[in-house]
Structure formats: C-alpha cells, structure tokens
Amino acid sequence: QVQLVESGGGLVQAGGSLRLSCAASGRTFSTRVMGWFRQAPGKEREFVATISGRGDITYAADSLKGRFTISRDNAKNTLYLQMNSLKPEDTAVYYCAVRSPGLVLSTVAAAYEYWGQGTQVTVSS
C-alpha cells in the first residue's frame, strides 16, 4: 500500500506562484506513474499533469501547459507541481495520485490506485 501526503497549498494572488509537494511512502516509488488532479467546488475532478516513474516523460493538460510543471525526486520519494502565473480559475483542491507499478501515463482519474487527501489552492483576483 502507498500513502500520499500533499503540502504546499495556500492563498496566493493572481499572477503568483506555488509549488505543491506530494510525499509518498513505499519502496516502489520509482516504478510508478504519478499524477496531479484538481477539483473545484461543484465541478468534476480534472486532470492536471502526469509523469513517468523515472521522470523522463511528462504530460500536462493543454490548458495548463506553459504554466504548470510536474516533476519528481525519486531519491526523496516526492512528487512536485510548480504552478506559475496563477489565475482565480486555478482555485481548487489539488490531489496527487499514483498508479500500480509498471503502468503507463494516464489522464484518467480512475486509472490511479492511491490518492492523497488533497491540498487547497486559492487564487485571489
């Protein structure tokens, strides 16, 4: 079993930046695809970005490319999401998630096996 704990959320003004972190337990971290999703009030969970186990392949939602960057440090069992030029519409609870070992990148929430508890990001105008 894998446990995920997000941190780094908070309140930021539009145009600002935040870096989210997701600390993972377990010895198979580097073999697992990981992803970030977000959910705004009254909306469905939305794909943000995903990254391969080794960190050499990434994919972000088209609407977020250029502003959001996913990365990982396997030595620290930690996943990151760097968010720049934040907008009020980025306000949401952000979740990290992990797939079973050996699987490929996915933009589908149901494809992920374990989830963190989420961290709130609020962008004021």
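Tutor: Glutamine 117 is partly exposed, with a relative accessibility of 49%; that class lies between buried, under 20% relative accessible area, and exposed, over 50%, with a 1.4 Å probe and protein chains only. This is a predicted model, in which local features need pLDDT of at least 70 and side-chain atom pairs count only at pLDDT 80 or more, while totals for chains, interfaces and linings use all residues. Residues are numbered from 1 along each chain as its sequence is written, and side-chain values use heavy atoms, with hydrogens and water left out.

Glutamine 117 sits in the loop between strand 10 (114–115) and strand 11; strands are DSSP runs of E with at least two residues, helices are runs of H or I with at least four, and both are numbered from the N terminus. Valine 5 is 112 residues away from glutamine 117 along the chain, yet their C-alpha atoms are separated by 6.7 Å. Leaving out residues up to four places away in sequence, glutamine 117 touches Leu4, Val5, Glu6 and Tyr95, where contact means heavy atoms within 4.5 Å.

Isoleucine 51, in strand 5, is buried, with a relative accessible area of 1%. The C-alpha atoms of isoleucine 51 and methionine 34 are 5.6 Å apart, across 17 residues of sequence. Beyond four places in sequence, the residues that isoleucine 51 touches include Val33, Ile57, Ile70, Leu79 and Leu105.

The largest one has 33 residues, and Trp36, Leu81, Met83 and Tyr94 touch the most other members. Two or more residues each come from strand 3 (18–24), strand 4 (34–39), strand 5 (46–51), strand 7 (68–73), strand 8 (78–83), strand 9 (92–98) and strand 11 (119–124). Strand 9 gives the largest share, five residues.

Most residues other than glycine have a negative phi. Asparagine 77, in the loop between strand 7 and strand 8, has a positive phi of about 50° and counts as buried at 18% relative accessibility. Serine 85, in the loop between strand 8 and strand 9, has a positive phi near 50° and is partly exposed at 41%.

For the chain as a whole, there are zero helices and 11 strands. The radius of gyration, taken over C-alpha atoms, is 13 Å, close to the 14 Å from the globule rule for 125 residues, so the chain is as compact as a globular protein of that length; the rule is 2.2 Å times the number of residues to the power 0.38. The C-alpha atoms fill a box of roughly 40 × 25 × 25 Å along the principal axes. Of the 125 residues, 43% count as buried. Among contacts with a separation of 6 or more, 59% join residues 24 or more positions apart. The accessible surface is about 6,300 Å², with 48% of it belonging to carbon and sulfur atoms, by the Shrake-Rupley method with a 1.4 Å probe.

Conventions:
Core = buried A, V, L, I, M, F, W, Y, C linked by side-chain atoms within 4.5 Å.
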